[in-house]
Amino acid sequence: MRDVKRFPTTTGLSWLEMSSFKEHLFKGHEKIGKEYDYVIVGGGYGGYGCASRLAELQPEARIAVFEAIKIGNGDSGKNAGFIIDVPHNFGDQGNSTFEDNEMYYKLNTFIIGRMRKTIEDSGIKVDWDPCGKYLCCSETKSFKLIETESEELDQMKVHYEIYEGEELAKRIGTRYYKKALYTPGTLLVNPADVLRGLYTTLPENVDVFEECPVMRIEEGTRARVTLLNGKEITAKTVIVTGGPFIEEFGIVKRVFCPVLSYGAFTRRLNDKEMKYFEGVKPWGCTAGHPAGTTVRFTTDNRLYVRNGFSYATHLTTSHQRIRRAVDFCRNAVDDDLAAIGLMDPVEGLDQRRLSCAVLSHKRVYLARFQIDGKSIQRLYAGKGLRNISHF
Ligand SMILES: Cc1cc2nc3c(=O)[nH]c(=O)nc-3n(C[C@H](O)[C@H](O)[C@H](O)COP(=O)(O)OP(=O)(O)OC[C@H]3O[C@@H](n4cnc5c(N)ncnc54)[C@H](O)[C@@H]3O)c2cc1C
């Protein structure tokens with residue numbers, strides 16, 4: 001493997017600003033050991049999943065997680081915060097079959113159950129709301145998608161509800177959307193809060209280091225891991241969960257088509273603005289149109305809008321690009337949500353903008369999962385994973 005040349009950076013603000021775990025201190029870099037059984041590169045959901053499962057299966061193993069930036073500031077903490085049970089827009093899943101969808105549903109609900117148990121058992125308080133999700137259509141031509149989705153859900157025997165017109169407007173506080181399919185099993189979360197919170201629940205045998213980029217991994221009887229701060233450690237197995245940055249290690253080539261997507265929040269709506277949301281519970285919707293806007297009305301009374309994509313060939317973005325994205329999101333509040341009737345959308349949008357920079361890495365999986373004896377197996381990220389037989 002080669003030296004990493006591009007490291008994750010933090011651009012824009014994020015959900016982390018609103019997390020009660022923002023100030024949580026993980027281990028200081030002086031505590032970095034010289035030898036570990038497992039080194040996990042990347043502190044996103046992938047890294048968390050590997051660390052928690054390994055710690056459970058091998059409580060005697062020494063495990064270290066290295067995250068280049070702050071945990072919660074990477075893609076896992078910057079997405080739109082939908083922890084979905086049913087796959088997004090069945091019809092858009094390319095070649096996915098009924099069996100694939102059913103498998104994803106089982107996998108998603110299994111993971112939600114596991115996360116819920118960890119959160120309940122550890123007693124941490126996270127911004128996590130089991131309020132379901134709407135698939136919303138503002139144009140009649142998109143209604144077909146709702147039909148296709150409901151047919152799939154009928155087949156899978158998954159409960160859903162359809163809302164339209166005034167009934168829908170009453171639930172979400174806007175008449176902008178004409179029809180929606182509601183699936184109650186999705187959770188809406190502050191993703192940085194949940195992720196960071198989960199990392200605090202990892203047991204003693206897992207060392208978590210943030211703002212500690214990994215620069216090089218050399219294979220051998222014991223792998224040698226060099227950190228950007230100059231420290232060297234060895235490990236029996238190294239697991240790389242670096243999202244699109246995996247390519248930087250030379251493990252895989254040209255499997256990503258990274259795109260950035262951008263989001264912004266309003267400040268908390270004031271009493272006057274909240275009049276429009278009287279009796280409305282927090283909600284989130286994805287759009288019927290595949291390139292449509294994702295919107296949330298959050299538990300702390302903000303509107304969140306995510307839209308717009310740009311290719312991220314350099315795996316990063318600029319402050320100028322974020323500036324443009326903020327204007328784009330502002331327009332979405334202006335145009336798309338005008339029906340909400342907030343007095344002045346520009347006033348409504350906080351000057352403190354938050355960027356949601358999520359890099360896409362479709363079809364790349366970290367591991368192999370077994371459900372009902374059938375395995376979902378896509379791409380292995382490096383030799384190390386193959387050696388972990390427990391997955
Ligand atoms: C537009 C869009 C919207 C999405 N919305 C949602 C959603 O609502 N809900 C949802 O659950 N998912 C959503 N996702 C998907 C979700 O964000 C990803 O599936 C998830 O972040 C993947 O987790 P990961 O751990 O594999 O990778 P990442 O979250 O990318 O984590 C990898 C980590 O590795 C770190 N890293 C990289 N290089 C190094 C290095 N050299 N040294 C140390 N650390 C390093 C990075 O900083 C990063 O934190 C969305 C994706 C897209 C594209």
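Tutor: Let's start with a pair: Phe 82 has Leu 188 in E8 as its bridge partner. This is a predicted model, where local features need pLDDT of at least 70, side-chain atom pairs count only at pLDDT 80 or more, and totals for chains, interfaces and linings use all residues. Residues are numbered from 1 along each chain as its sequence is written.

Student: Which strands does the open sheet contain, and in what order?

Tutor: Strands (E, at least two residues) and helices (H or I, at least four) are DSSP runs, numbered from the N terminus. Two strands pair if DSSP finds at least two bridges between them. Here the order is E3-E8-E4, with antiparallel pairing. E3 and E4 (128–129) are the edge strands, each pairing on one side only. Between E3 and E8 (residues 187–189) there are 2 bridges.

Student: How many residues surround the ligand?

Tutor: A residue is near a molecule if its C-beta atom, placed from the backbone, lies within 6 Å of it. The ligand has 31 residues around it, with Gly 42 and Gly 74 among the closest. Helix H1 (45–57) is one of the contributing elements, and H1 gives the most, with 3 residues.

Student: What about the phi of Lys 157?

Tutor: Most residues other than glycine have a negative phi. Lys 157 has a positive one, near 60°, and sits in the loop between H4 (143–156) and E6 (161–164).

Student: Is Lys 157 buried or exposed?

Tutor: Count other C-beta atoms within 10 Å of the residue's own, all placed from the backbone: 20 or more is buried, 12 or fewer exposed, in between partly exposed. Lys 157 has 7, so Lys 157 is exposed.
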